[in-house]
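Thanks for coming. Today I will talk about charged side chains and how they pair up. Please have a look at the structure first.

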Amino acid sequence: MIETDRLRLRPWREGDKPGFAAIVNTPVMMTHFGGVQPRAKIDAIIDREIANQARDGHCMWAVETRGGDLAGVCGVRCSGYSGTPVPDVLEIGWRIGEAYWGQGIAREAAEASIAWAWANTQRASIAAWTSAANDRSWGLMRRLGMTRRADLDFQHPNYPGDPIGAMIVYAIQRGG
């Protein structure tokens, strides 16, 4: 679907579930997502993205190397949470496996996703959120040219009252 020099971003397949779980459901990867989760919860992430792709024509796509190895997830989806400052936004997100950290994979995938969104949607902005402790993620948001939007910060509804759910928001504007 999207190809870069080193990566392919594509829709998810049912057969991706075991590889995805192996990549993302580790103590280090799940530090900012409530810790290691039951496999069914990880599989449900893929199910939601398959549904997003079918409904919207885009999602948080599977990221694979040109050699065909699954490296993680990155893309854009219609997202947000009612009752928060981000009820209906175009969200960009990523989770790249530890084996690929420090290689610029997340940035390459995110830049390709943003370019795709500007070319294929009419949205005026793209937002991303993470916990304040996830400096790797918000650091990438800054490198992508996103700007901190404290006015959009919110408590993630899946983590009520938990500090891990205190989301900080960054956004980029079309043409920005």
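Which side chain does Glu91 meet in a salt bridge? The partner is Arg77, with 3.0 Å from N to O. Keep in mind that this is a predicted model. The two residues sit in separate strands: Arg77 belongs to strand 4, residues 70-79, and Glu91 to strand 5, residues 89-96. They are 14 residues apart, and the pair links distant parts of the chain. Glu91 is buried, because its relative accessible area is 6% and the cut-off for buried is under 20%.

As background, side chains of opposite charge can pair when their charged atoms come close.

Next, Asp16 and Arg10. Their side chains also form a salt bridge, at 2.9 Å from N to O. Are these two residues buried or exposed? Asp16 is buried, with a relative accessible area of 9%, and Arg10 is buried too, at 7%.

Now a pair in another setting. Arg148 forms a salt bridge with Asp153, and the closest N and O atoms are 2.7 Å apart. Arg148 counts as partly exposed, at 33% relative accessibility. Asp153 is partly exposed as well, at 25%.

How many salt bridges does the count come to? The count comes to 16. Among them are the pairs I have shown: Glu91 with Arg77, Asp16 with Arg10, and Arg148 with Asp153. That is all from me.

Terms used
Residues numbered from 1 in each chain as written. Predicted model: local features only at pLDDT ≥ 70, side-chain atom pairs only at ≥ 80, totals over all residues. Heavy atoms only, no water. Salt bridge = Lys/Arg side-chain N within 4 Å of Asp/Glu carboxyl O. Buried < 20%, exposed > 50% of the residue type's maximum accessible area, 1.4 Å probe, protein only. Helix = DSSP H or I, 4+ residues; strand = E, 2+ residues; numbered from the N terminus.
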